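Hello,

Here is the structure I promised to hand over. My notes follow below it.

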Amino acid sequence: AISSIDCGAFTHCSRINTISIPESVTTIDDTAFHYCSSIRYFYGKYSSSDNRCIIINGELLWFALGSGLESYTIPDGVTIINSSAFYSDMELTNISFPESLTEIQSHAFSGCKNISEVTIPDSVSTISVESFYDCDNLKEIFIPESVTTIMNDVIWYLKENNYERIVFNEITKDAILNSFSKARKIDDLMVRSQETRRILDRIIGFRLSKLMQSKTGGKSAGR
């Protein structure tokens, strides 16, 4: 009997439309069904009551990307939305989150081009890297005070002309409120400059830092 479904076991199997998981399965790697764009239903062990998701210990690992649903309410009890769980679902226009949710992982909704508005519940503390990346029609995202961590490029590659940049030099209420009165258009040259610095950090900085640490005891080579 099958006891585990390993890393990438069915990744990019675009013709599969139904998955039935036997009771003998005890572990499923969180990349096992990535990018299976035609799945309409999940059945068997770990499937949600509506057969649209796989949920293990409160973590929503996959949504049925071929369901054709335009609106979906994530089941109560889900605490984490896994990386790429809804990746490139072209049908979804509206998504509702449960109050049990605490974390949205990287690329969770990347490429969901028809979602126009997102309201994050006040139970969430972490929104991870590029979780709403390339969501072209996302016009509003409401983030509550409960969120303490917002990682890189959460909503990057939106329609940039519809958004403005605010700048503040201290994390105080007055400074942040004042920054809204001085909002300005996003400067694409500044964005590209920041991306270039990140590339240099990865190509040169990480390696050079290790060398400096071994020779001088310093922590970082900096930029």
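One term to start: a residue is buried under 20% relative accessible area, exposed over 50%, and partly exposed in between (1.4 Å probe, protein chains only). This is a predicted model, where local features need pLDDT of at least 70, side-chain atom pairs count only at pLDDT 80 or more, and totals for chains, interfaces and linings use all residues. Residues are numbered from 1 along each chain as its sequence is written, and side-chain values use heavy atoms, with hydrogens and water left out.

Aromatic pairs

Rings of Phe, Tyr and Trp (its six-membered ring) pair if their centres lie within 6.5 Å; planes under 30 degrees apart are stacked, over 60 edge-to-face, the rest tilted. That rule gives ten aromatic pairs. Y35 and Y87 make an edge-to-face pair, with 5.1 Å centre to centre and 70° between the planes. The two are 52 residues apart: Y35 is in the loop between β3 (27–28) and β4 (41–44), Y87 in the loop between β8 (80–81) and β9 (94–96). Strands here are DSSP runs (E, at least two residues), numbered from the N terminus. Y35 counts as partly exposed because its relative accessibility is 30%. Y87, at 31%, is also partly exposed.

F109 and F132 are stacked, at 5.3 Å centre to centre and 5° between the planes. This pair links distant parts of the chain, 23 residues apart. F109 counts as buried, at 0% relative accessibility. F132 is buried at 0% too. Ring pairs join F63, Y72, F86, F97, F109 and F132 into a cluster.

Nonpolar cores

A nonpolar core is a set of buried Ala, Val, Leu, Ile, Met, Phe, Trp, Tyr and Cys residues joined through side-chain atoms within 4.5 Å. The largest has 29 residues, and I74, I81, F86, F97, F109 and F132 have the most contacts inside it. β5 (53–56) and β6 (59–63) each supply at least two of its residues. Another core lies apart from it, with 15 residues, among them A32, F42, I56 and W62.

Cysteines

How many disulfides are there? Zero, by the rule used, which asks for a pair of cysteine sulfur atoms within 2.5 Å. For C36, the closest cysteine sulfur is in C13, and at 5.3 Å that is too far for a bond. C36 is buried, with a relative accessible area of 3%. The sulfur of C53 is 13 Å from its closest cysteine sulfur, in C112, so that is too far as well. C53 is buried at 0% relative accessibility.

Best wishes

Note on methods. Helices (H or I, at least four residues) and strands (E, at least two) are DSSP runs, numbered from the N terminus.
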